[in-house]
Amino acid sequence: MTDDPAYKALENLGAAPLWRFYGNLFPAEPTSRAVPYRWSWRELRPQLLHFSETLSLEEAERRVLMLVNPGLADPPATVNSLYAGLQIILPGETAQAHRHTSNAFRFILEGSGAWTTVNGERVFMAPGDLLLTPGWHWHDHTHEGSEPMIWLDALDYPLVNALEAGFYEKYPERLQPVTRPDDAGSRQFLHGRLTPAWLSPEGPNSPVTRYTWTETERALDAIADSATGSDVDGIVLEYTNPWTGGPVMPTIGCRVQRLRPGFEGAGHKHTASTIFNVVRGEGATIVDGVRLEWSRHDTFAVPGWASYRHVNTSGSKDAVLFSYSDEPVMRSLGLYRSQSADPGA
């Protein structure tokens, strides 16, 4: 049958026999091309500073080191649907205003005196802050501080490009005009369930432009040791959209978790792919038998349907992790599944 000329005729007709591909099209369970991986802040930060000093803005408008998963080098991505990068802006610099279909956010790692302007609203930056840049929103950056400003860039462009739905446009001027009060989204909406009654949703994204670390840490401290938490993720909180109570963006969910001293998490796996950044502390995450040792500001990837568990090795101190995932996509499509699992030693 393999020499049947009809198979060649099918190729010429733009068709193929399903029976030859059935096993590949319907696998027994998901297998990600992404691999468990950790990116070292201690090793990457000097490289970021080097390029910020040796490359002008004309040579590199956005000085970003992409965190490329070894299994997803072409096109570059951090997990199958999401991207992470380390971006730096120096004192006195600005970044060209533009917009794109992809949803994005910034998780601030170090520095002060900078802001991003999103659709006319200046949103200020401080370490630990989560700043949202929803899809097709104009955004640019300005830095008037005295030290480098560095943040974790996150986008869903791997997903958007896979769907062939990406658009991009530059603003006609380098910086957009400021047309709204500073930090308006944060000041109006970041009050738990107390939401302005005179406003209504303008889209699927959270109206909170900046989830400040001050508020996030206050929430973690308020819970303290009074809650049992999750045996998998410890004291884990989700950043939510105050209009819906759901994720901050339709394609990206963000969480922060506190691992108590001595925490050894239960093994687990789910179809969502996740990227973690270490806010503070030291520990390890075992992913499909691979032990990823991490410390402050390291970033690591847990691919979808990979078995994992967290361990806090900080002695008598907490470890705190920030994370984001494509869980909202999986849930909205009815593809989210999770179960207990043993990731190995």
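Author: A residue is called buried when its relative accessible area is under 20%, exposed when it is over 50%, and partly exposed in between. The model discussed here is predicted. In helix α3, the residues that count as buried are Trp-41, Leu-48, Leu-49 and Ser-52. They lie on the same side of α3, because the arc they cover around the axis is only 95°. The partners of this buried side are strands: the buried residues of α3 pack against β1 (37-39), β2 (63-66), β3 (83-89), β5 (104-110) and β10 (149-155). The length of the helix can also be examined.

Glu-61 forms a salt bridge with Arg-174, with 2.9 Å between the closest N and O atoms. Glu-61 is in the loop between α3 and β2 and Arg-174 in the loop between β11 (168-170) and α5 (184-189), so the pair ties together parts 113 residues apart in sequence. Both partners are partly exposed: the relative accessibility is 29% for Glu-61 and 30% for Arg-174.

Strand β11 itself takes part in a further pair. Glu-169 forms a salt bridge with Arg-99, the closest N and O atoms being 2.9 Å apart. This pair joins distant parts of the chain, since Glu-169 is in strand β11 and Arg-99 in strand β4 (residues 94-100), 70 residues apart. Here Glu-169 is partly exposed, at 31% relative accessible area, whereas Arg-99 is buried, at 17%.

Arg-331 and Glu-327 meet through their side chains in a salt bridge, at 2.7 Å from N to O. These two residues of helix α7 (residues 327-332) are separated by about one helical turn, because they are four residues apart. Glu-327 is buried, with a relative accessibility of 10%. A network of salt bridges links Arg-331 and Glu-327 with Glu-238 and Arg-255.

The loop between β2 and β3 contains Pro-75, and a cis peptide bond joins Asp-74 to Pro-75, with omega about -5°. Both β2 and β3 are among the strands against which the buried residues of α3 pack.

Note on methods. Residues are numbered from 1 along each chain as its sequence is written. This is a predicted model: local features need pLDDT of at least 70, side-chain atom pairs count only at pLDDT 80 or more; totals for chains, interfaces and linings use all residues. Side-chain values use heavy atoms; hydrogens and water are left out. Buried means under 20% relative accessible area, exposed over 50%, partly exposed in between (1.4 Å probe, protein chains only). The arc is that of the directions from the helix axis to the C-beta atoms. Contact means heavy atoms within 4.5 Å. A salt bridge is a side-chain nitrogen of Lys or Arg within 4 Å of a carboxyl oxygen of Asp or Glu.
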